[in-house]
Amino acid sequence: MKEIHVSDMKCIHCQEKIEKALRRKGIPATIDLEGKTVSVPEEQAGLAEEAIRQAGYTPTL
């Protein structure tokens with residue numbers, strides 16, 4: 001799994017928006033709101049980063 005840090009994910013609404021964006025792309029993810037991280041399969045990290053960015057957040061690998 002690849003961990004993506006999303007420093008501007010601040011609330012449950014943010015988490016749900018990111019989950020929805022990843023689900024639309026078919027990317028399974030585990031989100032830790034408190035730690036501000038999104039864990040995705042290694043081979044889908046680039047696509048996940050793009051989906052998170054399109055949802056309006058700033059991901060960093």
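# Close-up views of a predicted protein chain

**View A. T30 is placed opposite S39 of β3.** The model is predicted: local features require a pLDDT of at least 70 and side-chain atom pairs count only at pLDDT 80 or more, whereas totals for chains, interfaces and linings use all residues. Residues are numbered from 1 along each chain as its sequence is written, and side-chain values use heavy atoms, with hydrogens and water left out. S39 lies in strand β3, where helices (H or I, at least four residues) and strands (E, at least two) are DSSP runs numbered from the N terminus. With a relative accessible area of 16%, S39 is buried; buried denotes under 20% relative accessible area, exposed over 50%, and partly exposed the range in between (1.4 Å probe, protein chains only). Beyond residues up to four places away in sequence, S39 touches M1, K2, E3, P28, A29 and T30, a contact being heavy atoms within 4.5 Å. Along β3, T37 and S39 point one way, V38 and V40 point the other way, and all are buried.

**View B. The open sheet contains four strands in the order β2-β3-β1-β4, with antiparallel pairing.** The edges are β2 and β4 (59-60), each with a single partner strand, so one side of each has no neighbour in the sheet. Pairing of two strands requires at least two bridges found between them by DSSP. β1 and β3 are joined in the antiparallel sense by four bridges, and I4 has V38 as its bridge partner in β3. Two bridges link β1 with β4, again in the antiparallel sense; here T60 in β4 is the bridge partner of H5.

**View C. β2 and β3 form a hairpin with four residues between them.** The two strands pair in the antiparallel sense over three bridges. K36 belongs to the loop between β2 (30-32) and β3. Phi of K36 is near 60°, a positive value in a residue other than glycine. K36 is partly exposed, at a relative accessible area of 24%.

**View D. The largest nonpolar core comprises 17 residues.** Such a core is a set of buried Ala, Val, Leu, Ile, Met, Phe, Trp, Tyr and Cys residues joined through side-chain atoms within 4.5 Å. V6, I18, L22, V38 and I52 have the most contacts inside this core. β1 (2-6), α1 (12-24), β3 (37-40) and α2 (45-54) are the elements that give two or more residues to the core. I18 touches V6, M9, I31, V38, I52 and Y57, residues up to four places away in sequence not being counted. In soluble globular proteins, nonpolar side chains tend to be buried together.

**View E. Both helices lie across strands of the sheet, α1 across β1, β2 and β3, and α2 across β1, β3 and β4.** α1 runs at about 160° to β2, while α2 runs at about 20° to β1. Axes are lines fitted to C-alpha atoms, for helices over the stretch in contact, and angles run from 0 to 180 degrees between N-to-C directions.

**View F. R53 and E49 join their side chains in a salt bridge (3.1 Å, N to O).** The criterion is a side-chain nitrogen of Lys or Arg within 4 Å of a carboxyl oxygen of Asp or Glu, and the count by this rule is one salt bridge. Side chains of opposite charge can pair when their charged atoms come close. Both R53 and E49 belong to helix α2, four residues apart, about one turn of the helix. R53 is partly exposed, with a relative accessible area of 45%, whereas E49 is buried at 18%.

**View G. L47 of helix α2 is in contact with K25 and I27, leaving aside its neighbours within four places in sequence.** L47 counts as partly exposed, at 36% relative accessibility.

**View H. The protein chain follows the pattern β-α-β-β-α-β along the sequence.** Its radius of gyration is 10 Å, close to the 10 Å that the globule rule gives for 61 residues, so the chain is as compact as a globular protein of that length. The radius is taken over C-alpha atoms, and the globule rule is 2.2 Å times the number of residues to the power 0.38. The C-alpha trace spans about 25 × 20 × 15 Å along its principal axes. Of the 61 residues, 38% count as buried. Among contacts with a separation of 6 or more, 60% are accounted for by residues 24 or more positions apart.
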